[in-house]
Amino acid sequence: MKFRLAWRDRRRACLHHEPRQYSGQISLVDLSPGQLAQVVALSGGRCMISRMASLGFTPGALVTMIQNYGHGPLIVSVRDTRVALGRHEARAVVVQQGVV
């Protein structure tokens, strides 16, 4: 029981950081299908940032939204790879639209 509680606490620590957004920047969740954006920053705990970076979401990477129904997971293309993300994970990726 103690192990499970410790694991849950660590997971919560990794997930519960609100993204910082600046003018002209939005969260990855706010993109519509077909839109192109550039990753500006990653927010969240150390675990979240490490996971997103290992998937290819690094500052400067171009991202294309493939599927976003407004609920449930979304699918994006980053570095010629399709990646499915949960909404909470996608909220941690701050992007800037209209960058070519």
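**Exercise 1. The surroundings of V93**

Leaving aside its neighbours within four places in sequence, with which residues is V93 in contact?

*Solution.* The structure is a predicted model, in which local features need pLDDT of at least 70 and side-chain atom pairs count only at pLDDT 80 or more, while totals for chains, interfaces and linings use all residues. Residues are numbered from 1 along each chain as its sequence is written, and side-chain values use heavy atoms, with hydrogens and water left out.

Step 1: taking contact to mean heavy atoms within 4.5 Å, V93 is in contact with I26, S27, L28, V39, A41, L42, M52 and F57.

Step 2: V93 also belongs to the largest nonpolar core, which has 21 residues and in which L28, V39, F57, V76, L85 and V93 have the most contacts. Such a core is a set of buried Ala, Val, Leu, Ile, Met, Phe, Trp, Tyr and Cys residues joined through side-chain atoms within 4.5 Å, where buried means under 20% relative accessible area, exposed over 50%, and partly exposed in between, with a 1.4 Å probe and protein chains only.

Step 3: the elements giving two or more residues to this core are strand 2 (36–42), helix 2 (46–54), strand 3 (62–67), strand 4 (74–78), strand 5 (81–85) and strand 6 (93–97); helices (H or I, at least four residues) and strands (E, at least two) are DSSP runs numbered from the N terminus.

**Exercise 2. The order of the sheet**

Determine the strand order and identify the strands at the edges.

*Solution.* Step 1: two strands pair if DSSP finds at least two bridges between them, and by this criterion six strands form an open sheet in the order 1-6-2-3-4-5, with antiparallel pairing.

Step 1: strand 1 (25–27) and strand 5 stand at the edges, each with a single partner strand, so one side of each is left without a neighbour in the sheet.

Step 2: strand 6 pairs in the antiparallel sense with strand 1 over three bridges, and with strand 2 over five bridges. Within strand 6, V95 is the bridge partner of I26, and Q97 is the bridge partner of A37.

**Exercise 3. Salt bridges**

How many salt bridges does a search of the whole structure find?

*Solution.* Step 1: for a salt bridge, a side-chain nitrogen of Lys or Arg must lie within 4 Å of a carboxyl oxygen of Asp or Glu, and the search finds one.

Step 1: E89 forms a salt bridge with R51, the closest N and O atoms being 2.8 Å apart. E89 lies in helix 3 (residues 87–91) and R51 in helix 2, so the pair ties together parts that are 38 residues apart in sequence.

Step 2: E89 is buried, with a relative accessible area of 16%, while R51 is partly exposed, with a relative accessible area of 39%.
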